[in-house]
Amino acid sequence: MIAPSNTFNSPIAGAVMLKLTQIKNLGLQKPLGHNPHAHLSAASGLVKIGKWLFIVADDEKHLVVFDSTDNSAGIAHRIMQGDLPLDSEARKKHKHDFEAITLVPSNKQCPQGGLLILGSGSKKQREQGVLVPFFSAVTDTQTPRLGETQLLDLDPIYDALKDEPGKTNIEGAIIQGKHIVLFQRGNKNNRNAIIKFNCKDFLAAALGEKKPSLNYSIHPLDLGAIDAVPLCFTDATTLSDGRLLFTAAAENTEDAYRDDACLGSAIGIISNTYQLISITRVDTPVKLEGIAVDEETSALKLWLVSDPDNAQLPGKLYMAQLNA
């Protein structure tokens, strides 16, 4: 792990680091597929409902549910058939790269609501997603029950972008009213961007129901850098007032496919018109890839998950407090 650097170039002034508190390792009740390790390593997206944390990993075919109130192991739910190879390069080549997860309000596919999970789109096999309906309403009193997963084809959506923000690499998604907002992760050669679609058209295209005109708006955004390595989106969520909360990591790579050393992570807030309000570096040298929030009276209580970029190591759950 690289030690924190003192060089943090941000478009927003402020040098105070945000303190992370480790809550637990992302341990599992049992290993997934052929994986010998009973932990979730490459945690890449997070949704919180009540006390339940719903986490996806970019190199697994499962959605994992954790109880945020104790140290119990996660409960895995298969969302794609088959198993991935154990060899790291082969696994990277064949994985679906599930990087984004967001809550879906009640609709005809998900009467009780559900979860939308998206592949990054950085390779052809990563242009898939899944819609996971809740079998019943999610409450704190019983373990969430999930319905049958519906496969999504994201090819027409990612094709519609036509590489406008650079090579496609979607890392976060949120649903806001009639729109779905995607967070494009940049790198040294490509820019960060926020991309907004009509949600109804987006889901219709992904489900193959019709071929709508996939109009979208795109908003590039500079998040600053650590030691000249740009901070780039890794996840996002929404606040009740319409502002957006995001994680970003400074990963020293020029490609949407290849990983490299991470110099640190930051957490920021964006206005509902997609202007950067604030960005604060965290005090722990980890790659944060998932964020959820509990809004309190005077502060935002953040839930965060990390990806160690090493299948031998578990991802971790952290907490932090951010001024509202």
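Contact here means heavy atoms within 4.5 Å. The model is predicted. The exercises below work through its sheet, a helix, the cores and the aromatic pairs.

**Exercise 1. Work out what covers the buried residues of helix H3.**

Solution. 
- Locate the helix. H3 spans residues 199–206.
- Apply the cut-off. Buried means under 20% relative accessible area.
- List the residues that pass. In H3 they are Cys199, Phe202, Leu203, Ala204, Ala205 and Ala206.
- Draw the conclusion. Six of the eight residues are buried, so H3 is largely enclosed by the rest of the structure.
- Name the cover. It includes strands S8 and S10, helix H2 (155–161), and strands S11 (170–176), S12 (179–184) and S13 (193–198).

**Exercise 2. Describe the two ends of H3.**

Solution. 
- Take the start. A side-chain oxygen of Asn198 comes within 3.0 Å of the backbone nitrogen of Lys200.

**Exercise 3. Find the strand order of the four-stranded open sheet and its edge strands.**

Solution. 
- Read the order. The strands run S7-S8-S9-S10, with antiparallel pairing.
- Pick the edges. S7 (98–104) and S10 (150–153) each pair on one side only.
- From one strand to the next, it averages 20 degrees.
- Zoom in on one pair. S8 (residues 114–119) and S9 (residues 128–133) are joined by five bridges.
- Gly114 stands opposite Pro133 in S9.

**Exercise 4. Identify the elements that build the largest nonpolar core.**

Solution. 
- Start with the size. The largest nonpolar core holds 28 residues.
- Leu116, Leu118, Ile157, Ile180, Leu182, Phe197 and Phe202 have the most contacts inside it.
- Assign elements. S7, S8, H2, S11, S12, S13 and H3 each give two or more residues.
- Find the main contributor. H3 supplies the largest share, five residues.
- Inspect one member. Setting aside neighbours within four places in sequence, Leu182 is in contact with residues including Leu118, Ile170, Ile195, Phe197 and Phe202.
- Look beyond this core. A second, separate core has 21 residues, among them Val181, Leu223, Phe233 and Leu244.

**Exercise 5. Classify the aromatic pair of Phe54 and Phe134, and say which parts it ties together.**

Solution. 
- Count the aromatic pairs. There are five.
- Take the geometry. The centres of Phe54 and Phe134 are 5.8 Å apart, with 50 degrees between the planes.
- Classify. Planes under 30 degrees apart count as stacked, over 60 as edge-to-face and the rest as tilted. The Phe54 and Phe134 pair is therefore tilted.
- Phe54 lies in strand S4 (residues 52–57) and Phe134 in the loop between S9 and S10, so the pair ties together parts 80 residues apart in sequence.
- Check burial. Phe54 has 0% relative accessibility and counts as buried. Phe134, at 6%, also counts as buried.

Terms used: Residues are numbered from 1 along each chain as its sequence is written. This is a predicted model: local features need pLDDT of at least 70, side-chain atom pairs count only at pLDDT 80 or more; totals for chains, interfaces and linings use all residues. Side-chain values use heavy atoms; hydrogens and water are left out. Two strands pair if DSSP finds at least two bridges between them. Axes are lines fitted to C-alpha atoms, for helices over the stretch in contact, and angles run from 0 to 180 degrees between N-to-C directions. Buried means under 20% relative accessible area, exposed over 50%, partly exposed in between (1.4 Å probe, protein chains only). A polar contact is a pair of N or O atoms within 3.5 Å; within protein, one must be able to donate a hydrogen and the other to accept it, and residues adjacent in sequence count only if both atoms are side-chain atoms. A nonpolar core is a set of buried Ala, Val, Leu, Ile, Met, Phe, Trp, Tyr and Cys residues joined through side-chain atoms within 4.5 Å. Rings of Phe, Tyr and Trp (its six-membered ring) pair if their centres lie within 6.5 Å; planes under 30 degrees apart count as stacked, over 60 as edge-to-face and the rest as tilted.
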